[in-house]
Amino acid sequence: MRRLLLAGMAALIALPAAAGTCRGTLYLTIDTGWSREAEEIAAILRRRHVRATLFVADEPTARGDRTLSPAWAPFWRARAAEGHVFASHTWRHWYFAGDPAPGRTRYASRGGEGAEVLDNAALCAELERPVQALRAMVPEATVLPLWRAPGGRTTPGAIAMARQCGLTHQGWTANGFLGDELDASTHPNRALLDRNLARIRDGEVLIMHWGVRSRREPFAGILEPLIAGLQERGFCFATLPAEGRR
């Protein structure tokens with residue numbers, strides 16, 4: 001009986017702070033990425049009662065398919081049912097690389113395999129396509145009028161043109177980059193955990209991925225202690241508002 005009582009007390013202590021007792025709010029955002037640890041990360045968020053804003057693009061995955069292919073419909077439906085919200089991360093996950101003329105922005109693949117100049121209509125289509133694919137799988141999904149450029153790389157033209165599509169660009173804050181894209185040999189998980197716990201402040205927009213192909217020590221291994229540590233400091237997690245955060 002004593003053992004059960006102690007276990008129950010430990011579980012109670014581990015619960016996140018109630019909304020009325022929050023000493024600050026954090027906004028976790030997750031980009032699609034390689035998605036190798038997607039189910040593991042989703043389980044952590046569920047255990048820790050964290051709702052996030054999910055930026056979706058049609059990227060290759062560890063399964064050999066793509067993140068917005070029909071095979072991922074159960075995953076995205078489950079996230080919507082848990083209260084996560086969604087936004088556009090572009091369709092092709094290319095990079096914005098300059099504005100050659102008014103009303104035009106250059107859009108190029110990371111490896112140089114393709115590039116084109118988008119006008120306003122083409123940019124709107126690029127940003128709307130992942131949302132259309134998501135809604136076809138999850139009609140009930142809550143989609144915010146936000147978008148995020150791959151790598152956070154924007155141009156003045158792309159931002160202005162996206163506004164014409166009714167979309168606001170959402171990056172991340174100064175201490176919001178959690179480091180899951182960094183080389184694990186020089187930025188091991190333990191160092192990332194310590195750094196993030198020390199630096200993150202109230203109001204931060206945090207960024208991570210459902211898995212990063214190049215990282216040999218998956219960031220998911222420290223996600224739960226990171227969230228737990230932030231919650232112990234009194235932080236609560238919320239989804240982004242429709243107007244975004246700066």
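**Rings, charges and disulfides**

Let's begin with the aromatic residues: Trp72, Phe75, Trp76, Phe86 and Trp210 form one aromatic cluster. The model is predicted, so local features need pLDDT of at least 70 and side-chain atom pairs count only at pLDDT 80 or more, whereas totals for chains, interfaces and linings use all residues. Residues are numbered from 1 along each chain as its sequence is written, and side-chain values use heavy atoms, leaving out hydrogens and water.

A pair of aromatic rings is described by the distance of the centres and the angle of the planes. Here, rings of Phe, Tyr and Trp (its six-membered ring) pair if their centres lie within 6.5 Å; planes under 30 degrees apart count as stacked, over 60 as edge-to-face and the rest as tilted. By this rule the count comes to 9 aromatic pairs. One of them joins Phe75 and Trp76, whose ring centres are 5.0 Å apart with planes at 75°, so this pair is edge-to-face. Both Phe75 and Trp76 are buried (under 20% relative accessible area, with exposed meaning over 50% and partly exposed in between, for a 1.4 Å probe and protein chains only).

Trp76 also pairs edge-to-face with Trp210, at 6.4 Å centre to centre and 75° between the planes. This pair links distant parts of the chain: Trp76 sits in helix H3 (residues 73-81), while Trp210 is in the loop between strand E9 (205-209) and helix H7 (220-232), 134 residues apart. Helices (H or I, at least four residues) and strands (E, at least two) are DSSP runs, numbered from the N terminus. Trp210, like Trp76, is buried.

Next come the charges. A charge sits over a ring if NZ of Lys or CZ of Arg is within 6 Å of the ring centre and within 35 degrees of the ring normal. The charged end of Arg92 does this with Trp94, 4.4 Å from the ring centre, and Arg148 lies over the face of Phe55 at 4.3 Å.

Finally, the disulfides, each a pair of cysteine sulfur atoms within 2.5 Å, number 2. Cys22 is joined to Cys236, with 1.7 Å from S to S. Cys22 lies in the loop between helix H1 (2-14) and strand E1 (24-31) and Cys236 in strand E10 (residues 235-237), so the bond ties together parts 214 residues apart in sequence. The torsion about this S-S bond of Cys22 and Cys236 is about -90°, so the disulfide is left-handed.

The other disulfide joins Cys124 to Cys165, at 2.0 Å from S to S. Counting bonded cysteines along the chain, the pattern is 1-4, 2-3.
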